[in-house]
Amino acid sequence: AAGQQKAQLVTITNQNNYSYRGWFYPWGWREGKTELDFLDISNPLAIKSSEKLTIDGGLVTSRRVGNTLYVVSRYTPSVEGFLPYASDKGDLEKNAALLSKTALPQILPNVENARKEVLALVESRNCYLPTSAVDGNFDPSIITITSIPLDAPSSFKSTCFLGATETLYMTPSSLYLATTSWGYSLLAADALVYNPQHSTSIHKFSLVNGAIEYRGSGEVKGHLGWSEDKKSFRMGENGDYLNVVTSVGQTWDNSSSTLLTVLRESATDDSLSTVSVISGIGKPGEQLYAARFLGNRA
């Protein structure tokens, strides 16, 4: 990321402990760190760090708009003694008692600056529980969107929501996070096998002067593809509308198909409502290779 006010370079280092299947496994995100180093490169022979931020949680992705850097991180809180897969009544009661004694700041991610000061990354009043979304499945992950002014990194602002996310699509004024419902299996590091009844939830945030405001959630039929790196290309904003191309059906037989769903932010509640759907794109059994959106055309 290149700052507009001065010659600057920002490096982002991701330290995670998730294993081969960890991207899709929430407990693999408990001890990850995302480190951002803001470097003054006005003198290339004497590069120096002007600020460093170390965020609790693993990096999902990042984008720069003008002089603001946006970082999306995923963090799974850990409470000592809590049993994440408790099933019997006694363990459930112990978990409930433990959580009742746990203050919110204890389970929210923090950030450490270059002076080793530990600060809250996000305030609990700026966290949201997505509405009308298929990922309302009590996933313990916290997704944090942090906007960082490149000329004043310590003046960051953060918003978070509870759940998971697999990809980000962004415009200069909007940010969308999306995740598919649980039920897929891992064939390879970047190849998934989906349940034919899969659906995808999408969360919209507005970006105004560095502030991040949750606007609503919705869902579409199908999934965003088999490769993590290509999911964001299946979405495209055009004015007030979001176009989403998804795949449905089985992964390896002739039932696979492609559909285009158009979503629009609701004027009455926190939801993204479906405006129109075009199904059956391509021949039966064909899988989507790529998608791009240019104005009114997909």
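This is a predicted model: local features need pLDDT of at least 70, side-chain atom pairs count only at pLDDT 80 or more; totals for chains, interfaces and linings use all residues.
**Exercise 1. Which residue of strand 12 does Met170 stand opposite?**

Residues are numbered from 1 along each chain as its sequence is written, and side-chain values use heavy atoms, with hydrogens and water left out.

*Solution.* Start with the elements: strands are DSSP runs of E with at least two residues, numbered from the N terminus, and two strands pair if DSSP finds at least two bridges between them. Strand 11 and strand 12 (residues 174-180) are paired in the antiparallel sense over four bridges. Within this arrangement, Met170 stands opposite Leu175 in strand 12.

**Exercise 2. Describe the disulfide of the structure, and decide for each cysteine whether it is buried or exposed.**

*Solution.* A disulfide is taken here as a pair of cysteine sulfur atoms within 2.5 Å, and the structure holds one. Cys127 and Cys160 form this link, with their sulfur atoms 1.7 Å apart, and with 95° about the S-S bond it is right-handed. The pair links distant parts of the chain, since Cys127 belongs to strand 8 (residues 127-128) and Cys160 to strand 10 (residues 157-162), 33 residues apart. For accessibility, buried means under 20% relative accessible area, exposed over 50%, and partly exposed in between, with a 1.4 Å probe and protein chains only. Cys127 therefore counts as partly exposed, because its relative accessibility is 22%, whereas Cys160 is buried at 0%.

**Exercise 3. Locate Lys231 and judge its accessibility.**

*Solution.* Lys231 lies in the loop between strand 16 and strand 17 (235-238). Because its relative accessibility is 1%, Lys231 counts as buried. Although Lys231 and Ala291 are 60 residues apart in sequence, their C-alpha atoms are 9.7 Å apart in space.
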